[in-house]
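Have the viewer open while you read.

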Amino acid sequence: MDTASRETIIGNLVNFGVMMPAIIMAIYILPRTFSYANPFILFLFAFLPILRRFLGKSIRGFVYPAAILIAAVSILIWAASVSGAISKRYLVIGTPVNEPFMVSITLVIGIVTLLEGIFAGKLYSVITLMAFSSLTFLDLMAAFIVFRETGYPFFTSYMYVELMEYEAMYTLVVYGYEFSLPLATFTIPINSYLIGGFVVSMVSIIVAAYRNGNRSMDRSRSFAYSVLYGSILGGASFYFITAMSRFSLQFLAISIVIVVMIYAIIRTDPGRKSNGA
Amino acid sequence: MIRKSGYLILSASVYNIFESILLGYKYYIIFSIILFFVFASDILIFNLTTARLVRNIEVDISAENEKARKFSPKEFTIAFLNKNNSPTSFHYYVYSSDTFKMAGDFEGFLSLKPFERVVRKFIVTPNTIGRYRLGPVSVYTEDGMRLSVERAEVSRMVDLKVAPALSEIMAARSERISNMLYYTGIHYNKKAGQGYDFLTLREYVPGDEIRYVAWSMLGKMKGDDIYVKQMEEERIMDVLFLIDYGNGMNQGHDGKRMFDSIMADVIKTSYKIRKNQDGVGYLIWSSEVNVYIPPERTAAPIENLQKVISDLRPSGSFSLATSIDFLRRKIKKTTMMFIISSFEYDEDPASVRDLIGSFKAMFFIVNPYEFVITGDENRTLRTTLFHKQNSIMQKKREIMRRFGFRTEVVGTKDAYRKLVSSYLYAKMTNMGE
């Protein structure tokens, strides 16, 4: 095996570790929500990230637009059939825009970002895709927990969770704080696995960052300090946010923390003065 | 300075935090906050420690002198001194021009102990004539995760004056080759008059100088006939090269630039002209460059030209009218002007014709096609240019010919041949004094 292939395989394995929380959530949620999704949309998109790997570079970029086009045509056929513009027999190949469609879209975003994250080459892509994937699956997890605990139909639970999120955003914008947090209200059944997943993910991100760095320099000290100070500051910030959550001001608290940190980074940049900034 | 990837990672982490707070899942919130702070701490620690060290690296770049010849390797030295109290690791590289082929330690990675001095050497091989700058030396260091970088340009710049390659102009200076190629029996401008070489005999007429009487022929034909020797009068011609040194001549790519190629051919032709005892001079002209070397029947103008062009690069725009207007006040009417330009600027040819008037001029239009980058990937570009460029060149040539000027389209392969043959044509047609 040549060095380039070995590096790619190691990179994919590290990305797998980074995506661990999303993978754990996918393992839990997919078998339980699969039956509520539209199978056509799910199968159309779910395998695209793997399919893309086997296609030539020239057509690789057209895979997602082509799939979206097929889905759009299918939706148009459904809309035309329902409105009577074309014969009802075309409904077979039409995709209705209803609750299963919405669930499928959520699942597809989760699956596609999860697989793309595993194959991604850049660390920032992996982290962004991990966030997208984990947060999408967390949405579905919340919906499933509501479904299980309240006895509402699954689609109602799904919409309930979505509405809670929108409400949180609304109160944040209008009143300056948010009070309806879906996952703060319910308990997740796979908490212990997810905590393990987050630890694996954190370690993998640090490994990926180390691999991404300049290998000709001795970076062990700076890395150790980064992880140590990052953990201390992160822990302290979390307690600060938790304290502020009593007043529903978590967003304000975390915003202050982030702005202070970014301001510190900008102020300490030695190139700032020499560039006349 | 935070890298693009650093900004993206911080943005992704911040997005992660906000989205996790919106969902309210506390383990995810902890995870995303710690993630953000690990990355932010990495950059902050870097800013407070390693990044401050690179500005205390002293670098000096030097060479024996600032003169170089095209294709001749020149050695440079870079000395690094770590003025920090702690060990410092950094990358470095020397800013250079694409006309330089670099070899040796012009870039690399160094780890220096406190106050340690290290010297590195590298070789620069210029492939185009002119004045170029080497340096400064850029020193940079990165954080462990490669999220930010600190860069400092820590040395002075060094000027390098590149003269034409000896390999390109030596052929013209070689006695054997020049005599073999062009100068065997081509002194066409023979005329009876004052001179040293014998031309022919004619019968004596009253008033002829007695010193020219051919006493050996006395009475050979009729018994009392007298003949006088006629001597060959040397007709000398001055050639002045008017060379466009505007941006239009700065076409081409590394190792094959229009002004560079034309200058080599002009120098070679100048040596040929000089060998024939004729004078040669130059006007290098653009809105930015104005160098006049008056015609002389020595090698001095050619040597001077080589010095001048090693300190110049084409810049600005070219105007034939202003350059000829300048020349009209400097040269005699018998001087032959060789006007060399890519003619990339809009100018009314009729006004140029009027300005030239009774002066003698020949035009050489440099074809840009030959300076288009080579390689398979540029084939389409070259094919398109070939057709377009050729027709444009032919039109330009026709316009100048219609005005009565001998005009040639020249390129890398035929510029020298066409310059020399035009010079010979001028000699044959007695254009000299």
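## Where chains A and B touch

The contact draws on 51 residues of chain A and 46 residues of chain B, with two residues counted as in contact if their C-beta atoms, placed from the backbone, lie within 7 Å.

| Class | Residues on the side of chain B that touches chain A |
|---|---|
| nonpolar | 30 residues |
| polar | eight residues |

Nonpolar means Ala, Val, Leu, Ile, Met, Phe, Trp, Tyr, Cys and Pro, charged means Asp, Glu, Lys and Arg, and the others, Gly among them, are polar.

This is a predicted model, where local features need pLDDT of at least 70 and side-chain atom pairs count only at pLDDT 80 or more, while totals for chains, interfaces and linings use all residues. Residues are numbered from 1 along each chain as its sequence is written, and chains are lettered from A and ligands numbered from 1 in the order in which they are written.

Now for α1(A), residues 3–18. In this helix V14(A), N15(A) and V18(A) are buried (20 or more other C-beta atoms within 10 Å of the residue's own; 12 or fewer is exposed, in between partly exposed; C-beta atoms are placed from the backbone). They sit on the same side of α1(A), because they cover an arc of only 100° around the axis, taken from the directions from the helix axis to the C-beta atoms. S5(A), R6(A) and I9(A), on the other side, are exposed.

Conventions
Helices (H or I, at least four residues) and strands (E, at least two) are DSSP runs, numbered from the N terminus.
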